[in-house]
Amino acid sequence: MTRHLSRVFLLIALLALAAEAMRLPIVGPAFAQDDDDGDDDDDDDDDGGGGGGGRSSDGGGDDRPTFRGNGEMPRFLRNLLGRPEPQRRVVRQAAPPASPPPAYRPELVVLNLSQQDLDTLVAQGFSVLEQQAVPSLNVTMRRLQAPPALDLEAARDAVRALPSGGDADYNHYYRGESCENCAAQDQVGWQMPTSRDACGPEVTIGIVDTGINPDHATFAGARIEVHRMETGEDPSGKMHGTAVAALLVGDPASRTPGLVPHLPVVAVDAFHQSGSDERADAFTLIRAMDMLTENGAQVVNLSLAGPANTVLEQAVTRIAATTVIVAATGNGGARAEPAFPAAYDGVIAVTAVDRGGKVYRRAGRGPHVHLAAPGVEVWTAASISGGRPKTGTSFAAPFVTAAAARLLQSDPALTPAMVAERLALTATDLGEPGRDDTYGHGLLTFSAACETEGIPLPVSQN
């Protein structure tokens, strides 16, 4: 009987102790969920701040155990009564945002510095990192390292102040304009070839892009040369370049057919990999374009974009006088500054639209936009095998590149300016009546039919 009463009294005492604990004020650090309001308070529970936790640690004071007064049952009572440990929501701080990729190499590029001016710069502490002849422009291009005493902007100003250094600029990076099924070809009225048989005079297409997988089944039988610009850095991937090239010369009998599978392509991989970033600097981009013109490219596809660069501008505008250059407007969005090389004079700038003719929401806008083409969920080759849909102005540019090549097949005497004009005249107007900054002259409209009697020019849709 005495033992039974002792157990009853013990139980009563424990219940009273628990009730008292539930009324105690907060002592020690709070749990994360107690203060998750986004302010600057200390929301964690892994330190001893906020009045100390557990026992007091000042060498005196009360040594009795203290409980968190947040309505919880003390642990020893939970163990005694068989209650489970309450689950706590763990609040993890978000990882800091990744730093944006660099806009340029920490160096300068200049197109045709005289020996006298070069000697002056060397005497000031500049050094030549690399120099490369550009036969198509009849110039020598150089990469310059600034002296340690000058920041890059001041170094650029010093080079530009020289008689032959006015075009000097940073060695900017340029990146492929992708994001993340023959409906696209139907949308522009393209009559897809059924074979790789010759169709009109030969026209060579040039591509500057990332790596291309020449072993992809879609390139079986294609006349495609792939050159790698050695930069001493990690090579680029093959996803972007393979997708762009397949839109042009993919196997017509495959699930990823090309627009002009009968034409030869010279592709230059000018990109390198830095972490997750694929990029090509201005110096290497100019070398790649020079290689294409030296290899006879009559139309060049640039599914890439970046900042304005005075050296690149000089090279692009000079090449564009004799070679058709087609470039993506970029995926910076409606409020972004114009992307280059698309915004340079003489370049055919291409924006992207979806199957309903609505502009891709991230496509660049501006007075330089010349044409629109399918660029949303366009089906093309994946990097290893098969295909997948791709979105971005990168994948709209090849449609215009193919149309330009077919126009040159119809009349090899056409100049780049005449090609641009012909394509504008045959475009289907979109958006506001007439040319606008969103769609340019409108949607590319081109049948590209190949007939025995020659290649018919498209009829104006306006």
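Analyst: Happy to; here is a short tour, from the overall make-up to some single residues. This is a predicted model, so to speak: local features need pLDDT of at least 70, side-chain atom pairs count only at pLDDT 80 or more, and totals for chains, interfaces and linings use all residues. Residues are numbered from 1 along each chain as its sequence is written, and side-chain values use heavy atoms, with hydrogens and water left out.

User: Great. How many helices and strands does the protein have?
Analyst: There are ten helices and 16 strands. These are DSSP runs numbered from the N terminus, helices being H or I with at least four residues and strands E with at least two.

User: And what share of the residues counts as buried?
Analyst: 47% of the 462 residues. Buried means under 20% relative accessible area, exposed over 50%, and partly exposed in between (1.4 Å probe, protein chains only).

User: Which residues have the most contacts inside the largest nonpolar core?
Analyst: Ile348, Val400 and Leu423, in a core of 58 residues. Helix H9 (residues 397-410) gives the most to this core, with nine residues. A second, separate core has 39 residues, including Val109 and Ile319. By nonpolar core I mean a set of buried Ala, Val, Leu, Ile, Met, Phe, Trp, Tyr and Cys residues joined through side-chain atoms within 4.5 Å.

User: What does isoleucine 348 touch, leaving aside neighbours within four places in sequence?
Analyst: Its contacts (heavy atoms within 4.5 Å) include Val324, Val326, His370, Val400 and Leu423.

User: New topic: where is threonine 256?
Analyst: Threonine 256 is in the loop between helix H6 (239-249) and strand E7 (265-269).

User: Why does it count as buried?
Analyst: Because the relative accessible area of threonine 256 is 6%, under the 20% limit. The side chain of threonine 256 also makes a polar contact of 2.8 Å with the side chain of threonine 218. A polar contact is a pair of N or O atoms within 3.5 Å; within protein, one must be able to donate a hydrogen and the other to accept it, and residues adjacent in sequence count only if both atoms are side-chain atoms.

User: And which side chain does serine 136 join in a polar contact?
Analyst: That of aspartate 290, at 2.6 Å. Serine 136 lies in the loop between strand E2 (127-134) and strand E3 (139-145), and serine 136 is partly exposed because its relative accessibility is 29%.
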